[in-house]
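Trainee: I would like to go through the salt bridges here. Please show me the sequence and the structure before we start.

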Amino acid sequence: MSTQVDPRVYVLETREISKNFGAVKAIDQLTMSILREWLTCIVGPNGSGKSTLINLLSGMLPLDGGIVVIDNVGLRVVKAHDSPDHGITRTFQEVRLFDQISVWDNIMVVLTERRVFPSLLERTKPRHREEAERILKSVGMWEKRDAMAQDLSYGQRKLLEIGRALAMDVQIYLFDEPFAGLFPRMLEQVKSILKDMREQDRSIVFVSHNMDIVRELADHLFVLDSGALLAVGETDEVLSRSSVIDAYLGN
Amino acid sequence: MSIATGALRNLQDVARDPRSWWQRSKGNIELWANLIVIGWALVFMLWRGGGFAITVGSVFAIWAILAVSLNLVVGYTGLLSVGHIGFFGVGAYAMAVLSSNASYEQLRTEAIPTFGWPFFAALPFSVILAGLVALVVGVAFNRFRDDIYVLVSFGFAVIAFTTFLSWRNLTRGAFGIHEIARPAIGPLVFEGELEFLALLLVFLGLVVLIAWLIVTSSFGRVLTAIREDEEGIQVFGYHTTHYKLAIWVISAMMAGLAGALLASWSTFIDPNSFVLLESVLLVSIVILGGLASIWGSLLGALAFVMLEEGMRFVPFLPSEFIGQIRQVILGILLVLLMLFRPQGLVGRFKL
């Protein structure tokens, strides 16, 4: 088993993980390995388990079975509040921001102290300010910093959520449909953010329905169907397989 | 601080160009809420004189400490607790039992232990005891949120009240506890009402300062994020249960402080001060003033106290109905406020 596991290559693995919602097998004995510093895309029809998979990997849902391997450590239980320690952060399919606080505080809150008592004594530090400014400028939200998150447009909310993930400075980024519902200009902006991240040797997993973007961005592709892997491999090669075309792309 | 400079800037504006100030400010509800409540209080105090002002000020200080402490939990963290009065009661009874005068003649059937401690020795114990009770309660409450939280905190308020009423070997039940100590620092005894008011205002200032330090710290920012999306903030590495427990205990300690001050101020307490209704009124003050606004809680407490004390002087009202009518008016005010200004007088957030 260990002969196939090369720590320099795989950043995140699952071994036969399962998740059931009642009688529905959302994720069914799924085994997959995500490559370090690659842009990985997960595609699949609605209900194929893409979001469930991301929720399992980030600890937002408990595993029903199987193991998640992060940095060669096998975990039966993934806790949401441990995900930064695992080097993981994420965004949500339905944008989840802290609505009734400012754009600025939405970024600041992920930069500051995590422990309870030190955070009570911590005032905003210059390095937090500089970092928040850098992040907000990089996603083009600097002018909006004093607005409340709930007053932003959909695209701005999406960008802010990506900015919040960037502020985490971890190895693995899970983006659940970062391109959904964006106008072309913002689409380009998110694409360039993802490309920049790959330049900085981050490992990115994203879910998308937009095949043009998948072809353009993704190095590695997983095709999910009914909670199981239908195909896996380099993007161009997978997309040319007839089984994939029949099951997913054909309709 | 910003409030003081803001008020100063407003005054300068009025003096320089009254007409354009009026144009700009007539839609500023926050400004008018401030002016009306504070102006109303000042006019009333000047009219009724010093004794009235001192009483109103003392009652206000105690409610304001309570309101600020509850706002940390309800407004900033988003945990709608209607059980806060329980911690107020724990603080008050701790002070009462520890400091009540041992020589006070007790009914033999209702004899309770007396310690006769001075005020400043009993005060930290009252605060810490409220904190310890909150720690135990908070661990149990941590798994709940939203509407269920209201229910379980309601349960706590009922349990607390029943305990005060029924644990007669400690609280003398409905008879209440008399002769609670007044504070003394060396030869300086806070016997007079004015001295006590000064002491209350010092404690209020301390509570406001601590609350302000908390909400402007990194910790405070995390609380607001918990209010907005608790699961969402967990995934960024926060143990939200620890944060909720910490603010719950801090808030309960402030409420315990308010209770201890009340006990010493009135020198007599009985369980009627800690009924569920008082707790609901307290939540109303916090919402009326403005969630997640310390200034709003001060303003809400002032408006509430003025409503209560001010109505004593309405000539055609029989005095025995004042308490009830106050509640009716407060209820109507709350309904109107939720309809037209859900964020409260000076708040920016909605439940």
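Trainee: Is B:Arg227 buried or exposed?

Mentor: This is a predicted model, in which local features need pLDDT of at least 70, side-chain atom pairs count only at pLDDT 80 or more, and totals for chains, interfaces and linings use all residues. Residues are numbered from 1 along each chain as its sequence is written, chains are lettered from A and ligands numbered from 1 in the order in which they are written, and side-chain values use heavy atoms, with hydrogens and water left out. Buried means under 20% relative accessible area, exposed over 50%, and partly exposed in between (1.4 Å probe, protein chains only). The relative accessibility of B:Arg227 is 17%, so B:Arg227 counts as buried.

Trainee: Which residue does B:Arg227 meet in a salt bridge?

Mentor: A salt bridge is a side-chain nitrogen of Lys or Arg within 4 Å of a carboxyl oxygen of Asp or Glu. Here the N to O distance is 2.9 Å, and the partner is B:Glu228.

Trainee: How many residues apart in sequence are the parts that A:Lys19 and A:Asp64 tie together?

Mentor: The side chains of A:Lys19 and A:Asp64 form a salt bridge at 3.5 Å, N to O. A:Lys19 belongs to strand β1 (residues 10-21) of chain A, while A:Asp64 sits in the loop between α1 (50-57) and β4 (65-70) of chain A, so the parts tied together are 45 residues apart. Helices (H or I, at least four residues) and strands (E, at least two) are DSSP runs, numbered from the N terminus. The separation asked for is 45 residues.
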